[in-house]
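Open the model in your viewer and keep the sequence panel beside it. This tour goes from the whole chain to single side chains, one selection at a time.

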Amino acid sequence: RKERISFAGPYYVAGQQLMVKSDNDTITGPEDLKDNPDAKVCSVTGSTPSENIKQYLASEGQLVLFDVYEKCADALRTGQVDVVTTDNVILLGFVSESDGEFKLVGEQFTEEPYGIGIPKGDVEFCRFILDTLQENEDAYIEAWEATAGQVEGTETPELPEFDECE
C-alpha cells in the first residue's frame, strides 16, 4: 500500500491476538495451538493474520477461513471453531457484543500500525493530520474509553510516536 499512498501516523498500534469462548481455559495464547491439534482456528482468507498464525499451528488443517470476521465469530459461537484471530481491536468489538460469551487470551504477538491513508507525497496534509492528532490527544483518549476501552481488561493506549511525513 505504501507504494501507492502515504500514511499519516500511526495513530494506533494494534496487535494480533486470539479470541475464544469465555469458558475455554485450554487455549491461553498462540503457543497452545500446536499442543491442541484438534483446535480449529478461524481467520479471513488472504489476510495477514491468517498467514501469521500458520507458524503456531500443528497443521494447516487447523485453519478455517471465511470471507469476513463476522462469520468467524458465528463459527466460534456455534462451536465450529475454537479460536478466532485478527487484530485485537477488531476482536474487542466482538467481545464487547458477546454478552460475556467471548474473551481475548494471550498477549499481542504482532504489531500492526494503523495510519490514515492520504494522497502519495502530500506532506502538508500529513503534517496537518499529525498536528491535529497531537493537539487533540484528550479527544483520542475519550474516544477509546467510550468504545474499545469499555471491554474489561483493556488499557487506554497513548498516541504512538508518529512516522515522518514523506
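**The whole chain**

Start with a cartoon view. The protein has six helices and seven strands. Both are DSSP runs, helices being H or I over at least four residues and strands being E over at least two, numbered from the N terminus.

Two notes before selecting anything. This is a predicted model, in which local features need pLDDT of at least 70 and side-chain atom pairs count only at pLDDT 80 or more, while totals for chains, interfaces and linings use all residues. Residues are numbered from 1 along each chain as its sequence is written, and side-chain values use heavy atoms, with hydrogens and water left out.

Now show the C-alpha trace. Along its principal axes it spans about 50 × 35 × 25 Å. Switch to a surface. The accessible surface comes to about 9,700 Å², and 45% of that belongs to carbon and sulfur atoms. These areas come from the Shrake-Rupley method with a 1.4 Å probe; for residues, only the protein chains shown count as cover.

Colour by burial next. Of the 166 residues, 40% count as buried. Buried means under 20% relative accessible area, exposed means over 50%, and partly exposed lies in between (1.4 Å probe, protein chains only).

How do the contacts run along the sequence? Among contacts between residues at least 6 apart, 71% join residues at least 24 apart. A contact here means heavy atoms within 4.5 Å.

Colour by charge. There are 12 positive and 35 negative charges, and their mean positions are 10 Å apart. Lys and Arg count as positive, Asp and Glu as negative; His and the chain ends are not counted. Each charge is placed at NZ of Lys, CZ of Arg, CG of Asp or CD of Glu.

**The disulfides**

A search of the whole structure finds two disulfides. A disulfide is a covalent bond between the sulfur atoms of two cysteines. The cut-off used here is a pair of cysteine sulfur atoms within 2.5 Å.

Zoom to cysteine 42 and cysteine 72. Their sulfur atoms are 2.1 Å apart. The pair links distant parts of the chain: cysteine 42 sits in strand S3 (residues 41–44) and cysteine 72 in helix H3 (residues 69–77), 30 residues apart. The angle about the S-S bond is -70°, a left-handed link. Both cysteine 42 and cysteine 72 are buried.

Move to cysteine 126 and cysteine 165. This disulfide has an S to S distance of 2.1 Å. It too links distant parts of the chain, with cysteine 126 in helix H5 (residues 123–135) and cysteine 165 in the segment after helix H6 (137–146), 39 residues apart. This link is left-handed, with -75° about the S-S bond.

Why does cysteine 126 count as buried? Because its relative accessibility is 3%. Cysteine 165 is buried as well, with a relative accessible area of 13%. Number the bonded cysteines in sequence order and the pairing reads 1-2, 3-4.

**Threonine 156**

Stay in the segment after H6 and select threonine 156. At 35% relative accessibility, threonine 156 is partly exposed. Which residues does threonine 156 contact, leaving aside neighbours within four places in sequence? They are Ile141, Trp144 and Glu145. The side chains of threonine 156 and glutamate 145 are joined by a polar contact of 3.1 Å. A polar contact is a pair of N or O atoms within 3.5 Å; within protein, one must be able to donate a hydrogen and the other to accept it, and residues adjacent in sequence count only if both atoms are side-chain atoms.

**Leucine 18**

Next, go to strand S2 (residues 16–21) and pick leucine 18. Leucine 18 is buried, with a relative accessible area of 0%. Show its surroundings. Not counting residues up to four places away in sequence, leucine 18 touches several residues, including Ile27, Ile53, Val83, Leu91, Leu104 and Phe109. Draw a distance to asparagine 88: the C-alpha atoms of leucine 18 and asparagine 88 are 7.7 Å apart, across 70 residues of chain.

**Threonine 110**

Finish in the loop between strand S6 (102–105) and strand S7 (112–119), at threonine 110. Threonine 110 counts as buried, at 16% relative accessibility. A polar atom of its side chain lies 2.8 Å from the backbone nitrogen of glutamine 16. The side chains of threonine 110 and glutamate 112 make a polar contact of 2.9 Å.
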